[in-house]
Amino acid sequence: MEEPAVDQRLPLMVSSAYKGEAELPKFPPTQALDAEQAFVSTMLMPHAERLERADNKMQELPYALYDAQKEMMNKIIQDGSGAVSGNGKIAVLGGIQINTPPGESDYYLPLSFEAFDNKGAKLEDLALA
């Protein structure tokens with residue numbers, strides 16, 4: 001039997017850690033893929049209860065990942081926006097990449113489109129404009 005892809009095991013890893021049945025990957029990881037899984041698993045832990053309650057964990061997973069990555073992007077904007085000179089602004093488009101089988105077009109589900117000033121303050125939600 002073929003082992004599930006890493007991304008298919010991710011909800012199970014987070015769910016097991018949330019229930020105290022397993023531990024997340026250890027830091028520092030020794031392999032690149034281990035590092036990716038360790039960071040992603042850690043980012044998902046605040047969303048573990050939500051994933052645990054979901055009727056379809058694989059359907060909820062990309063939304064939980066989006067929320068975790070949006071939190072990270074907001075921190076990057078807060079910490080780094082001062083590097084934008086003058087009256088410069090930052091536009092951030094966020095969403096979910098939907099991969100399809102070979103030979104078919106992939107899709108992108110936009111979930112947010114926001115503008116920030118160079119102090120990190122949100123100026124406008126462009127998705128609603």
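Modeller: Let us begin with a definition: a residue is buried under 20% relative accessible area, exposed over 50%, and partly exposed in between. Please note also that this is a predicted model.

Biologist: Why is L109 called partly exposed?

Modeller: The relative accessibility of L109 is 31%.

Biologist: What makes the nonpolar surface patch?

Modeller: Y63, I98, Y107, L109 and L111 make this patch, of about 430 Å². Strand β2 gives the largest share of the patch, with three residues.

Biologist: How do you know that β1 and β2 pair?

Modeller: Pairing requires at least two bridges between the strands. Strands β1 and β2 (residues 107–116) have nine bridges, in the antiparallel sense. Within β2, Y108 stands opposite Q97.

Biologist: Why are β1 and β3 placed at the edges of the sheet?

Modeller: The open sheet has three strands in the order β1-β2-β3, with antiparallel pairing. Since β1 (90–98) and β3 (122–125) each have a single partner strand, one side of each is left without a neighbour in the sheet. From one strand to the next, the twist averages 30 degrees.

Biologist: Which helix packs on the sheet, and what strands does that helix touch?

Modeller: Helix α4 (residues 57–80) packs there, touching β1 and β2. Contact here means heavy atoms within 4.5 Å. The direction of α4 makes about 25 degrees with that of β2.

Note on methods: Residues numbered from 1 in each chain as written. Predicted model: local features only at pLDDT ≥ 70, side-chain atom pairs only at ≥ 80, totals over all residues. Heavy atoms only, no water. Helix = DSSP H or I, 4+ residues; strand = E, 2+ residues; numbered from the N terminus. Axes fitted to C-alpha atoms, helices over the stretch in contact; angles between N-to-C directions. Patch = residues over 30% accessible without salt bridge, like charges linked within 9 Å, V, L, I, M, F, W, Y side chains within 5 Å. Areas by Shrake-Rupley, 256 points an atom, 1.4 Å probe, with all protein chains shown as cover. Salt bridge = Lys/Arg side-chain N within 4 Å of Asp/Glu carboxyl O. Buried < 20%, exposed > 50% of the residue type's maximum accessible area, 1.4 Å probe, protein only.
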